[in-house]
Amino acid sequence: MRSPIHLPRVARSTARALPTAAPQSKLERAIETAVGALCARQHQDGHWVFELEADATISAEYILLQCFLGEAKPELEAKIASYLRRRQEAHGGWPLFHRGEFNLSASVKAYFALKLTGDSPDSEHMRRAREAILAHGGAGKTNVFTRVLLALFGVVSWSGIPVIPVEVVLLPRWFPFHLSRISYWSRTVLVPLLVLAALKPLARNPRGIRIDELFPGGRPRAGRWARAPHQSLGWFVLFASVDAILRLLEPWIPRRIRRRATADAVAFVTERLNGEDGLGAIFPAMANTVMMIDALGYARDARVFTTAVKAVDRLLVVTREEAYCQPCVSPVWDTVLACHALLEVAGVDARAPERRAARRGLEWLEERQVLETTGDWARQRPNVRPGGWAFQYANPHYPDLDDAAVVVMAMDRFARSRVLRGEPDFSQAIGRGSEWVAGLQSVNGGWGAFDADNTSEYLNHIPFADHGALLDPPTADVTARCAGMLAQLGSDTPALERALDFLCRDQEEDGSWYGRWGMNYIYGTWSVLIALNAAGVDRKTRR
């Protein structure tokens with residue numbers, strides 16, 4: 001049986017005074033301070049959760065959502081506006097990551113949101129943003145999801161948006177496009193959006209704010225969408241032709257079929273509403289759900305509407321001066337990483353306070369294992385029992401393979417070092433969790449984040465997929481974690497060998513691995529190296 005995965009052990013320190021008289025090193029003092037700060041942030045029930053900040057897009061969309069609903073929240077919106085102004089970069093616009101290059105769609109949304117909160121187009125920061133947007137072709141060149149928002153506000157016509165009729169929810173699984181073929185996040189964002197596209201509601205926009213000045217010549221128009229950099233010419237031409245045919249056919253779809261498709265889409269959302277944690281527990285899906293419910297004519301005091309709104313508002317982070325909206329929350333991920341760190345510090349000391357804190361965290365995690373809900377992942381793996389963990393507080397239809405593997409490793413790590421009587425061994429949670437993770441291995445040996453075999457790559461070339469993230473294929477970072485779990489549990493099985501083969505094939509020519517969920521090569525590379533070490537791969541092995 002292989003030993004648990006460990007970070008390189010550089011020092012041993014705790015939040016209490018060291019028992020030796022020897023002076024602490026700078027590193028030991030830093031570890032002690034960090035442990036103290038980490039333990040101080042643990043919640044009474046044992047978990048940790050930290051802020052999850054994204055780019056300015058989510059916060060801008062929150063303001064746009066309020067304006068769509070006609071809801072005025074002046075104090076909150078003023079704080080979000082302060083946040084957006086601070087996030088504006090020297091190039092005049094807003095990027096998708098800190099200090100990043102100008103992004104047209106993010107900049108258009110941020111500008112629109114600021115104007116909605118009362119910022120004058122003549123102010124310096126708005127002038128700089130407008131000039132940058134026009135220099136990049138104007139708001140008519142934005143991505144598809146931004147165009148949808150602009151269409152909902154009546155800024156551009158729906159003719160400038162690729163056609164995906166709501167009737168796609170009725171397509172059989174064998175069809176080239178089916179909801180099960182796209183990622184969970186695409187699924188949950190798209191389905192309520194299909195209803196919105198069918199109903200074509202118009203935002204209330206009480207003050208009638210427009211952004212005509214962001215279009216060349218002040219003429220709002222969204223021309224035909226361009227091929228995205230990741231899209232091949234052949235596929236794009238094919239799907240553009242399909243779009244043209246659908247555009248001709250859509251007006252002739254019988255009303256009874258549209259009503260049935262709309263009802264099926266609404267039923268999909270309703271089944272997965274997830275209470276105040278929201279559809280998919282991610283902001284874009286939750287915001288689309290609120291707009292869909294509103295467009296369907298529900299009263300503002302209807303429980304389904306108020307619950308959906310609360311789910312969105314729970315993502316807000318509000319301080320004295322500013323506010324922003326998180327894309328989601330990350331308590332499971334934050335808690336399990338904190339547990340790993342504390343177990344590393346505690347070492348073999350069974351009575352260390354860090355170990356007690358880690359135990360409380362792991363017990364909190366044990367309660368949140370998804371054991372009853374059979375999620376969307378079962379479309380591909382119907383014979384696998386539930387057993388994973390979500391990234392958020394609750395998201396039972398969409399547990400996360402990355403989180404699940406790391407939770408299992410932390411629980412196993414704790415159980416291996418049990419000394420005190422009565423300490424939990426988490427055996428049932430480990431068994432069901434590892435069974436679920438192993439059961440969702442893709443045929444190519446890797447793991448995606450939420451589904452198995454989500455590899456219909458051609459769908460990334462449809463016009464609606466200009467963002468390039470429609471799918472959830474196996475990746476090096478998630479595969480590394482799942483392979484590391486199998487290795488730590490002593491699973492010398494063909495599944496582990498297939499995983500190692502996948503990682504070997506996925507290595508870049510320069511020796512690195514790309515980590516999709518860290519969006520960089522360092523993240524992917526260290527993830528894989530830790531897994532290879534756990535699996536006992538010789539460090540001198542070459543590709």
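## A walk through pockets, cavities and core

The second largest cavity has a lining of two nonpolar, four polar and one charged residues. Here nonpolar takes in Ala, Val, Leu, Ile, Met, Phe, Trp, Tyr, Cys and Pro, charged means Asp, Glu, Lys and Arg, and polar is the rest, Gly among them. You're looking at a predicted model, where local features need pLDDT of at least 70 and side-chain atom pairs count only at pLDDT 80 or more, while totals for chains, interfaces and linings use all residues. Residue numbers start from 1 along each chain as its sequence is written, and side-chain values use heavy atoms, with hydrogens and water left out.

**Stop 1: the cavities.** Select Arg272, Asn274, Gly280, Asn395, Pro396, His397 and Tyr398 to see what lines that second largest cavity, which has a volume of about 30 Å³. On a 1 Å grid over the protein atoms alone, a cavity is a set of points where a 1.4 Å probe fits but cannot get out; a pocket is an open set with protein on both sides within 12 Å along at least five of seven lines, and lining residues have an atom within 4 Å of a point. Points are joined across faces, edges and corners, and a volume is the space filled by probe spheres set on them.

How many cavities of 30 Å³ or more does the structure hold? There are two. For the largest, select Leu64, Val108, Lys109, Phe112, Thr146, Leu149, Leu150 and Phe153. Helix H4 (104-116) and helix H6 (144-152) are the elements that each give two or more residues to this lining (helices are DSSP runs of H or I, at least four residues, and strands are E runs of at least two, numbered from the N terminus). The space inside comes to about 40 Å³, and the lining has six nonpolar, one polar and one charged residues.

**Stop 2: the second largest pocket.** Now pick Val168, Leu171, Phe175, Val242 and Leu246, which lie nearest the centre of this pocket among its 23 lining residues. Its space is about 560 Å³, and its lining has 20 nonpolar, no polar and three charged residues.

**Stop 3: the core.** Show Leu84, Phe112, Leu365, Trp389, Met411 and Ile462, the residues with the most contacts inside the largest nonpolar core, which has 162 residues. Such a core is a set of buried Ala, Val, Leu, Ile, Met, Phe, Trp, Tyr and Cys residues joined through side-chain atoms within 4.5 Å; buried means under 20% relative accessible area, exposed over 50%, and partly exposed in between (1.4 Å probe, protein chains only). Zoom in on Leu365: leaving out residues up to four places away in sequence, Leu365 touches Val332, Thr335, Val336, Trp389, Val407 and Met411 (contact means heavy atoms within 4.5 Å).

**Stop 4: some loops.** Gln369 sits in the loop between helix H13 (353-367) and helix H14 (401-416). Is Gln369 buried or exposed? Gln369 is buried, at 10% relative accessible area. Next, find Phe426, a non-glycine with a positive phi of about 55°, in the loop between H14 and helix H15 (427-439); Phe426 is buried at 3%. Asp453 also has a positive phi of about 55° without being a glycine. Look for Asp453 in the loop between H15 and helix H16 (476-488), where it counts as buried at 18%.

**Last stop: the cysteines.** Taking a disulfide as a pair of cysteine sulfur atoms within 2.5 Å, the count is zero. Cys328 is in none, with the nearest cysteine sulfur, in Cys325, 10 Å away. Cys328 is buried at 9%. Cys504 is partly exposed at 38%, and its sulfur is 18 Å from the closest cysteine sulfur, in Cys482, too far for a bond.
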